[in-house]
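Could you take me on a walk through this model, stop by stop? I have it open in my viewer and would like to know what to select next and what is there.

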Amino acid sequence: MGAPCAFRGGGGRPPATADPALPADSLWFDGAPLTVQGGRFSDGQGREIVLRGYNVSGESKLEENAGLPFASVADAGKSAAALRALGGADAVRFLFSWAHAEPVRGQVDTGYLAAVTEQIRAFLDAGIRVLPDFHQDLYSRHLFNSGSWYTGDGAPKWAVDAGSYPAESCGICLFWGQNITQNAAVQQAQRDFWHNAHGLQDSFLATARTAMTYLRRHLSDTEFGQIAGFDPYNEPYAGGYDSGQTSRTWEEDLLWPFYEKFRAGMDAAGWQDKPAFVEPNLFWNADISSQRQEGGLLDAGTLGPAYVFNTHFYDQKAISGILMWGKAADDQYAADFAAVRDRAAAAGTAAVVSEFGHPLSGTVADKAPTVLKAMYQALDSRLPGASWWRDPAASGPVLSGTQWQWDLYSGRHHELMNGNPGKVLTAGDAWNGEDLSAARLDGSGDVTLRQDARLLDRLYPSATAGTALAFTYEDRSRDGSTTLTWNPVPSSLPEVARLVGSGQYGLLVWRSGDGTAPTELHLPASFPTATVVSDLGTAWAPPAYTGAATPVAVAPEPGGTGSRRLLLTDTDSGVPHFALVTNGATAPSPGLLNAARSELAAWVAAHF
């Protein structure tokens with residue numbers, strides 16, 4: 001029931017049959033492997049790729065499902081379908097465990113790797129790219145005893161037994177993360193790993209290589225094509241610095257050589273065309289100045305296509321409940337995420353924020369709606385909403401990111417903390433008091449969201465045919481009963497403002513490239529009938545995609561989950577294009593659509 005007008009026709013490659021091995025609803029341009037080109041993610045068809053999704057999941061830190069994110073492949077499939085349809089994701093960071101991959105030194109558990117592979121496959125079948133991650137926090141749970149207040153994950157028991165570590169104690173700690181710098185057992189174990197004491201690092205690298213070889217051999221070529229790369233080590237920290245060593249020289253002397261060895265293992269395991277998603281010193285971008293340490297892989301040179309700059313961001317001030325009173329606001333994290341963009345650009349590679357989030361229960365949970373809105377805003381653009389329309393050319397690249405986390409079993413765990421049957425954890429994430437999962441199972445066993453769907457299921461440019469010049473999305477997410485609007489359409493564009501009204505809207509400006517595949521934007525479920533205003537055409541309820549004959553069109557996203565995408569096909573190169581997408585109008589008149597397009601065309605001409 002569309003009202004298309006002024007569509008621009010053109011040539012271009014006609015639709016072809018998709019590879020039958022690809023997920024359901026795939027089109028001819030889907031399934032291309034992810035690479036890094038020109039400092040941004042690319043699909044090899046001249047399109048910039050943005051990865052958005054979640055970590056699956058903190059469950060891997062627990063023992064209740066033997067270090068796996070899911071109790072079964074069926075649960076993995078249920079989670080993948082919901083993550084796509086409810087959470088708007090096209091990627092996941094998939095956690096698994098060194099402790100379970102190598103429970104006995106020198107003996108890799110292929111049964112565990114087989115289970116990991118099958119659960120990863122469930123996400124690939126849903127059309128979701130997967131970034132495997134060998135995860136750790138506080139080095140290992142085996143540093144802690146049955147009566148400990150805290151726990152860890154990562155290294156196997158034999159790795160802990162190899163060292164003579166003191167009894168763990170954090171002293172006066174209010175947050176589990178303080179163990180990183182205050183618990184002598186954790187510090188010494190981490191330091192041993194980075195110095196390869198007892199051959200620990202050698203063993204880890206050998207196991208990682210075996211795991212990658214297993215995945216390469218047991219996934220089909222088509223499936224393996226949707227593996228994004230590999231995250232070698234979560235949140236690295238020295239444990240302690242040598243005499244005269246600084247955080248920066250530690251990265252140069254110990255962390256970067258480790259990544260080079262891991263990279264060599266990837267090459268040997270058949271992953272030579274995939275990047276390593278390498279993380280700098282955990283504290284390089286801490287938002288509490290007393291915690292920040294110089295870093296960011298400053299001395300690694302140009303990373304290029306073999307590596308991705310991979311970092312995390314949590315607002316520790318907000319989490320503290322003391323250092324940030326009140327809630328987050330427009331522009332809250334623009335500078336923090338701009339630092340990520342700038343560091344990746346200086347290193348000549350793409351960037352991803354592979355963890356970000358905020359507690360959903362406890363004394364600071366009331367900040368979560370605004371904190372997460374501000375984080376997503378900073379992923380979308382380096383500009384605040386208040387000034388975006390005035391200087392869109394400074395918007396910067398759209399950042400990829402995976403929120404922490406998506407735990408199917410949130411609030412219904414049965415975890416024996418550190419193996420203690422007297423300390424059975426069920427609430428939240430069942431790990432060190434955390435509660436950050438965006439989803440849970442309801443009483444009927446269906447996946448449901450724990451956060452506002454407007455915040456999580458977002459419009460974003462999953463693939464841009466050329467170069468993204470500017471992007472913004474006003475999600476109109478809610479903080480309780482209050483609708484948060486940080487980027488209203490300015491009064492200087494009255495017809496655009498009239499069209500958008502009180503609805504959600506996004507605007508992408510891009511410069512066309514040489515490829516023939518279309519630009520894609522994920523359409524949230526809150527856009528059942530989208531209005532599109534573009535120089536390529538205008539439409540309310542765009543038609544189904546048939547190729548270049550429908551330059552503004554919709555199609556299902558790969559995976560058969562019911563999620564949809566907007567496809568925009570241009571037939572030129574080096575030309576600026578724009579597309580406004582909103583759910584704020586019902587059957588707008590052709591006159592209003594054309595008036596809004598004229599305003600946007602003049603605005604784009606003035607700024608680009």
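Here is a tour that starts with the whole chain and then moves to single residues.

**Before you start**

This is a predicted model, in which local features need pLDDT of at least 70 and side-chain atom pairs count only at pLDDT 80 or more, while totals for chains, interfaces and linings use all residues. Residues are numbered from 1 along each chain as its sequence is written, and side-chain values use heavy atoms, with hydrogens and water left out.

**Stop 1: the whole chain**

Show the protein chain as a cartoon, and you have 16 helices and 24 strands to look at; these are DSSP runs numbered from the N terminus, with helices being H or I of at least four residues and strands E of at least two. The radius of gyration is 24 Å, close to the 25 Å that the globule rule gives for 608 residues, so the chain is as compact as a globular protein of that length. That radius is taken over C-alpha atoms, and the rule is 2.2 Å times the number of residues to the power 0.38. Along the principal axes, the C-alpha atoms fill a box of roughly 75 × 55 × 50 Å.

**Stop 2: the inside**

Buried residues make up 61% of the 608 in the chain. Buried means under 20% relative accessible area, exposed means over 50%, and partly exposed is in between, using a 1.4 Å probe and protein chains only.

Select F123, Y139 and W406 next: in the largest nonpolar core, which has 114 residues, these touch the most other members. A second, separate core has 23 residues, including A470, L592, L593 and A596. A nonpolar core here is a set of buried Ala, Val, Leu, Ile, Met, Phe, Trp, Tyr and Cys residues joined through side-chain atoms within 4.5 Å.

Stay with Y139, which sits in the loop between β6 (129-134) and α4 (157-161). What is the phi of Y139 near? Phi is near 70°, a positive value in a residue other than glycine. Y139 is buried, at 1% relative accessible area.

**Stop 3: another positive phi**

Go to D25, in the segment before β1 (35-37). Phi of D25 is also positive, near 70°. Is D25 buried or partly exposed? With a relative accessible area of 37%, D25 is partly exposed.

**Stop 4**

Select N55 in strand β4, a buried residue at 0% relative accessibility. Beyond its neighbours within four places in sequence, N55 is in contact with R93, L95, S354, E355, T402, Q403, W404, Q405 and W406.

Step along to the bond from V56 to S57, which is cis with omega near -15°. S57 lies in the loop between β4 (52-56) and α1 (73-85).

Then pick W404 and Q405, which are joined by a cis peptide bond with omega about 0°. Q405 belongs to the loop between β10 (400-403) and β11 (415-416).

**Stop 5: helix α6**

Finish at R191, in helix α6 (residues 184-194). R191 is partly exposed, at 32% relative accessibility. Leaving out residues up to four places away in sequence, R191 touches A238, G239, G240 and D242. R191 and D242 are 51 residues apart along the chain, and their C-alpha atoms are separated by 9.4 Å.

Technical notes
Contact means heavy atoms within 4.5 Å.
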